[in-house]
Amino acid sequence: SGRQFIFNGIASCIEDALPTPYVDGKLTKTCDIATALTVTITYEGASMFARLLLKFVFGSYNGDLSLSISAIPCLEKVYWYLHFMTTEIVVDDDDGGKMIPDEDLWRSICSAFYSIGLCDTPNSAVYAMDCLERLVVSTDIATVSDTGWLGLLENITSKQPRISLEAARIRAFHLLCRTLLSVLPYLVKREDNCGALTEIVGLVAGHACENLCHGRISLLFESTIEALTNTINVMTTKEFVGDSDFLNGLTETLFKELEKVGGVGGLTQMVAFTTKRVVGNEDRLAGINHCL
């Protein structure tokens, strides 16, 4: 078809003109392969390719999703090229590797990766989740707005891969916990974000509950315990939590899911946290009794 012909042309151009962001299977700075003197596609040209590929991913052409999975490797390659152009050529400073090309494009590409991470093809779903994780990990928190980070978290929490797609489900939940830990200290600085964060953490707890109810003798169960334990351990450190009652409330929401299945044994701060919780409850009860 004409659409397939156009896609093949775009993919061929990307394959031939853009350097690979991987060396021996590891993500590397594109500038190690290309320099300003060897740039064959301008920033504007690569950005246009990215937006065209997004249309294939989201089925913008008459709802045709037949090329959505095939577009993901090309889209990732274009993103890292734009990343290189932004951080190593356009902005040559000590923050190289931290910035993003364009927030709207960043958000669209995150959504594209996650949408394919929800597909029913196991290998493609895992690959797309890995693409998203590499993108998120490479992004400096301060270079994306609160709206951008909350949008990403809401997207991931709104729907997780099907339970039967265990590998993709595990990756999605780990990515969710990892992203939450990264951006939470940044987002809680503004009170306006608290409502959205409360809802997001509630959904994280809900997904954890689903994973843990799937069965104890499963990799999904073990990985969920591990992810929740690590998340709570970090959130209950003095450096992370401080005196924030709000963060303690979020931690409590996650803690209850581990408590339900007897999975609190790995919590390094469990004694301190439960003590704080009991003391807090006693203080609240004392206040109520005093009022009575």
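**Rings, charges and helices in a predicted fold**

At 1% relative accessibility, W149 counts as buried, a term that here means under 20% relative accessible area, whereas exposed means over 50% and partly exposed lies in between (1.4 Å probe, protein chains only). The model is predicted, so local features need pLDDT of at least 70 and side-chain atom pairs count only at pLDDT 80 or more, while totals for chains, interfaces and linings use all residues. Residues are numbered from 1 along each chain as its sequence is written, and side-chain values use heavy atoms, with hydrogens and water left out.

The chain as a whole comes next. Of its 292 residues, 45% count as buried. Its secondary structure comes to 12 helices and two strands, where helices (H or I, at least four residues) and strands (E, at least two) are DSSP runs numbered from the N terminus. Read from the N terminus, the order of elements is α-β-β-α-α-α-α-α-α-α-α-α-α-α. Contact means heavy atoms within 4.5 Å. Among contacts between residues at least 6 apart in sequence, 69% join residues at least 24 apart.

The aromatic rings can now be taken in turn. Rings of Phe, Tyr and Trp (its six-membered ring) pair if their centres lie within 6.5 Å; planes under 30 degrees apart count as stacked, over 60 as edge-to-face and the rest as tilted. By this rule the count comes to five aromatic pairs. One of them joins F56 and Y61, a tilted pair with 5.2 Å from centre to centre and 55° between the planes. F56 is buried, at 4% relative accessibility, while Y61 is partly exposed, at 27%. The pair of W106 and W149 has its ring centres 5.2 Å apart and its planes at 75°, so it is edge-to-face. W106 lies in helix α4 (residues 103-117) and W149 in helix α6 (residues 146-158), so this pair ties together parts that are 43 residues apart in sequence. Like W149, W106 is buried, with 1% relative accessibility.

F56 and Y61 also belong with F7 to one aromatic cluster. Elsewhere, a ring meets a charge: the charged end of R190 sits over the ring of Y186, 4.9 Å from the ring centre. A charge is said to sit over a ring if NZ of Lys or CZ of Arg is within 6 Å of the ring centre and within 35 degrees of the ring normal.

Which residues touch the most other members of the largest nonpolar core? They are L53, L75 and V78, in a core of 83 residues. Such a core is a set of buried Ala, Val, Leu, Ile, Met, Phe, Trp, Tyr and Cys residues joined through side-chain atoms within 4.5 Å. With neighbours within four places in sequence left aside, L53 is in contact with F7, I10, I14, A71, C74, L75 and V78. This list includes F7, a member of the aromatic cluster.

Side chains of opposite charge can pair when their charged atoms come close. A search of the whole structure finds 10 salt bridges, each a side-chain nitrogen of Lys or Arg within 4 Å of a carboxyl oxygen of Asp or Glu. In one of them, D102 pairs with R51, and the closest N and O atoms are 3.9 Å apart. D102 lies in the loop between α3 (68-90) and α4, and R51 in helix α2 (residues 43-58), so the pair ties together parts that are 51 residues apart in sequence. D102 is partly exposed, at 28%, and R51 is partly exposed, at 38%.

D120 and R162 form another salt bridge, with the closest N and O atoms 3.1 Å apart. This pair links distant parts of the chain, 42 residues apart: D120 is in the loop between α4 and α5 (122-138), and R162 in the loop between α6 and α7 (166-187). D120 is exposed, at 52%, whereas R162 is partly exposed, at 44%.

The salt bridge between E257 and K260 has its closest N and O atoms 3.1 Å apart. Both residues lie in helix α11 (residues 245-260), three residues apart, about one turn of the helix. E257 is buried, at 9%, but K260 is exposed, at 59%. The buried residues of α11 are L247, N248, L250, T251, E252, L254, F255, E257 and L258. The expected span of a helix is 1.5 Å times one less than its number of residues. The 16 residues of α11 should therefore span 22 Å, and the end C-alpha atoms are 23 Å apart, which agrees. After α11 comes G262, with a positive phi near 65°.
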